[in-house]
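Dear colleague,

I am passing on the structure below, together with notes on what was found in it. Please read the notes with the coordinates open beside them.

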Amino acid sequence: MATIKGVSSFSAEQEAQALRKAMKGLGTDEDAIIEVLTKLNTAQRQQVLITYKSSIGRDLIDDLKSELSGNFERVIIGLMTPTTMYDVHELKRAMKGAGTDEGCLIEILASRTNEEIRRINENYKLQYGCTLEEDIVSDTSSMFRRVLVSLATGNRDEGTYVDGALAQQDAQCLYEAGEKKWGTDEAQFMTILCTRNRFHLLRVFDAYREIANKDITESIKSEMSGDLEDALLAVVKCMRNKPAYFAERLYKSMKGLGTDDNTLIRVMVSRCEIDMLQIRREFLSMYGKSLHSFIKGDCSGDYRKVLLRLCGGED
């Protein structure tokens, strides 16, 4: 369930003028900008973007960028970016320049649906002139690269059929590829975890526990390390409970010293119109504190204000 639902009727013209007024002259009325952009949904914001240009003759994104700064600006520009393009920009940001934001690549590729991945691939190529896969291949290596390439095909079985015998066999394969032998056959893990449908995998995980006497996540942690471990754990977590996966991403972005703003912003912006209510519920049950209180304690100013709007109420 979404926290940002949009309004049933609105005038793109009025909202465009309100945004212009908030930015014209000396100073900026950040509260007015937050108010307008968080009451609208993505599709409605795109209408305002077009109307702003046709009525005012200026580019809304350029105006926002020149008036705002820091993390607050990043949230607002994120809200103004169509959903697929937002993922495309984040994936590119994760790979350009020195160093790679592996966490971002894993999060997006492990959690998006086939249809979402298909749109991401299409727009990535249009935007950057090379494919997402080409960038992944040049930016990552070994088995981690293979897992990302597999996820980026968006070719997971999305059916609901469970073949009990095959599930049993898959569980046995995973056991023999990891716990049972010296060294790990990582390719086996990749093939099963990245291609089977969700219902089938949930059955596989149950069968695995019977065979190995431990949870599949425990085996992944003990058999693998680094980015590959993170990627496969993300796949398992997304299969089991996607909102809980995002709740954990948010928790880790804020706990301890400092804040991982990239992750915090990306999850809040990309999930507020999909499953933020479920994420809040999972957050509360996993950590005993509300997401709202965590954001409140971790962020400040307009950045905090807009994130709290995306979060919705206090639980």
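The buried residues of α2 are covered by elements that include α1 (12-23), α3, α4 (60-67), α5 (70-79) and α20 (301-311), where helices (H or I, at least four residues) are DSSP runs numbered from the N terminus. Those buried residues are Ile 33, Ile 34, Val 36, Leu 37 and Thr 38, with buried meaning under 20% relative accessible area, computed with a 1.4 Å probe on protein chains only. Please keep in mind that this is a predicted model, in which local features need pLDDT of at least 70 and side-chain atom pairs count only at pLDDT 80 or more, whereas totals for chains, interfaces and linings use all residues. Residues are numbered from 1 along each chain as its sequence is written, and side-chain values use heavy atoms, with hydrogens and water left out.

For α20, the buried residues are Tyr 303, Val 306, Leu 307, Leu 308, Leu 310 and Cys 311, and they pack against α2, α5, α17 (261-271), α18 (276-287) and α19 (291-298). After α20 comes Gly 312, which has a positive phi, near 85°.

The chain is assigned domain 1 (12-68), domain 2 (83-153), domain 3 (164-240) and domain 4 (242-311), the bounds coming from an automatic or database domain assignment. Between domain 1 and domain 4, whose C-alpha centres lie 25 Å apart, eight residues of domain 1 are in contact with six residues of domain 4, contact being heavy atoms within 4.5 Å. The two domains bury about 620 Å² between them, 48% of it on carbon and sulfur atoms; buried area here is the accessible area (1.4 Å probe) that two parts lose on being put together, summed over both. Of the area that domain 1 buries against domain 4, Asp 31, Ile 34 and Thr 38 supply 60%, more than any other three residues.

Across this interface the rule finds three salt bridges, each defined as a side-chain nitrogen of Lys or Arg within 4 Å of a carboxyl oxygen of Asp or Glu. Arg 309 and Glu 35 meet through their side chains in a salt bridge, at 3.3 Å from N to O. The elements that give two or more residues to the side of domain 1 that touches domain 4 are α2 (30-39) and α3 (42-56), and the largest share, five residues, comes from α2.

Thr 38 deserves a separate look. This residue sits in helix α2 and counts as buried because its relative accessibility is 7%. A polar atom of the Thr 38 side chain lies 2.7 Å from the backbone oxygen of Ile 34. Not counting residues up to four places away in sequence, Thr 38 touches Ile 4, Leu 79, Val 306, Arg 309 and Leu 310.

Leu 250 lies in helix α16 (residues 242-254) and is buried, with a relative accessible area of 0%. Leaving aside neighbours within four places in sequence, Leu 250 is in contact with Leu 264, Val 267, Met 268, Ile 279, Phe 283 and Leu 291. Leu 250 and Asp 275 are 25 residues apart in sequence and 13 Å apart in space, C-alpha to C-alpha.

With best regards

Methods
Buried < 20%, exposed > 50% of the residue type's maximum accessible area, 1.4 Å probe, protein only. Polar contact = N/O pair within 3.5 Å; in protein donor to acceptor, adjacent residues only side chain to side chain.
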